[in-house]
Structure formats: C-alpha cells, structure tokens
Amino acid sequence: NLGAFFTDTLKCTVIPDQKNVTLGNQKIFICHGDLANSQAKKYLLLRAFWRSGFLKFLSKIIPPDLAWSFGNFLCDLSRKKKRQQQNPSPLVIPYAKKSLAQGAETFICGHFHYPLQTIIEEGQVIVLGDWIKQFSYLDLVNEKFELKTFQIPSPSESSASTEH
C-alpha cells in the first residue's frame, strides 16, 4: 500500500485532496492543484479511477515496487502527450481566490510543473513547479516562502569544496 509506505516508512503526512494547515504563524491552503480545472473531464475521470476501491484493493496485493514502476510508466506516457508547460495562472488564480477565502493567507499547489509565486489581493499564490526536471522547491525562511531552484554543483565546484 503506497499510502502506508509514505506514512509509515517515510513518516510523511498524506493530504488526500486539500487542507488548511498552520505552519508557524501562517495559515496555508495546500492542495495538489489537479482540481483547479473543472473542464478537464478526462483527467477527472482518471483521477476518480486512481482513487477507486478497486485500485485500493489492488494496492494491498501488488508489491509496492511494482506499483511504483507502473505509476512511473504512466507518468512518462502522460508527459509525452502533454504540450509545452504553460503558465497556469488562468486556472490557478480563480481557484486560489476561492481557497484563500476559507481563511488562509497562502495558497500552495503543485500539478502544473510550472513554478509560480505571486501576490494577489486575497494572499500569496505559489505553484511548486517540477522537482524531477526543473529541481524547483519551496523554502520557508523567517516566515517567508521562497520558490527556489536546486543547483547541482559542477564537478569542479564539488571537488573544490572537499579540498582544505
């Protein structure tokens, strides 16, 4: 069961859909972002299938490594079919406005594989980007979120840092 793997082995908190959370003094609305486009009917059907009782049953009898490999295969297929990543603002901003109206100060989502950090009247909007190819991540420093990109050191930089 992949859910158990994340919670028991990796000690992660799994948020199935969306949730208001408090981190330090900040109220944050966290979601995957896949519900921002209510017009994506095929995706929403596929999402419902992935969350179905049938697949939950299968996940209990299939080894996690096999399930993970199959999921990666499907992700690769999906990426090949996708067009070039586009700025998700037209979908994200209206969804964020509704979500921020629930009392959060910051809206954070993923899904779009396009990093975005902006301020709207209702609060801060952050789209995480892609940690597999773009290496984007979110850092919280002194109560402020910063969307960053991990820089892989060049071989000369890493060897210089190990010399004394």
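What share of the contacts in the protein chain with a separation of 6 or more comes from residues 24 or more positions apart? The figure is 46%, where contact means heavy atoms within 4.5 Å.

The model is predicted, local features need pLDDT of at least 70, side-chain atom pairs count only at pLDDT 80 or more, and totals for chains, interfaces and linings use all residues. Residues are numbered from 1 along each chain as its sequence is written, and side-chain values use heavy atoms, with hydrogens and water left out.

The protein chain has 6 helices and 7 strands. Both are DSSP runs numbered from the N terminus: helices are H or I with at least four residues, strands are E with at least two. The order from the N terminus is α-β-β-α-α-α-α-β-β-β-β-β-α. Of the 164 residues, 22% count as buried. Buried means under 20% relative accessible area, exposed over 50%, and partly exposed in between (1.4 Å probe, protein chains only). The protein chain exposes about 11,800 Å². Carbon and sulfur atoms supply 59% of that area. Accessible areas come from the Shrake-Rupley method with a 1.4 Å probe; for residues, only the protein chains shown count as cover.

T106 belongs to strand 3 (residues 106-109). T106 counts as buried because its relative accessibility is 2%. Residues up to four places away in sequence aside, T106 touches Q26, K27, I28, F29, L100, Q124, I126 and F145. G123 lies in strand 5 (residues 123-127). Its relative accessible area is 13%, so G123 is buried too. Beyond its neighbours within four places in sequence, G123 is in contact with L100, E105 and T118. G123 and L100 are 23 residues apart along the chain, and their C-alpha atoms are separated by 6.9 Å.

Strand 6 (residues 136-141) and strand 7 (residues 144-149) pair in the antiparallel sense over 6 bridges. Two strands pair if DSSP finds at least two bridges between them. S136 has T149 in strand 7 as its bridge partner. The two strands form a hairpin with 2 residues between them. In the turn, N142 has a positive phi of about 50°.

Side chains of opposite charge can pair when their charged atoms come close. A salt bridge is a side-chain nitrogen of Lys or Arg within 4 Å of a carboxyl oxygen of Asp or Glu. By this rule the count is 2. D139 and K148 form a salt bridge at 2.9 Å, N to O. E146 also forms a salt bridge with K148, with the closest N and O atoms 3.9 Å apart. D139 is partly exposed at 23% relative accessible area. K148 is partly exposed at 27%, and E146 is partly exposed at 33%.

A nonpolar surface patch of about 640 Å² is made by L46, F49, W50, F54, F70 and F73. Patches are made of residues with over 30% relative accessible area and no salt bridge; like charges are joined within 9 Å, and nonpolar side chains (Val, Leu, Ile, Met, Phe, Trp, Tyr) within 5 Å. Helix 2 (41-50) and helix 4 (64-81) are the elements that give two or more residues to the patch. The largest share, 3 residues, comes from helix 2. F70 is placed in helix 4. With a relative accessible area of 45%, F70 is partly exposed.
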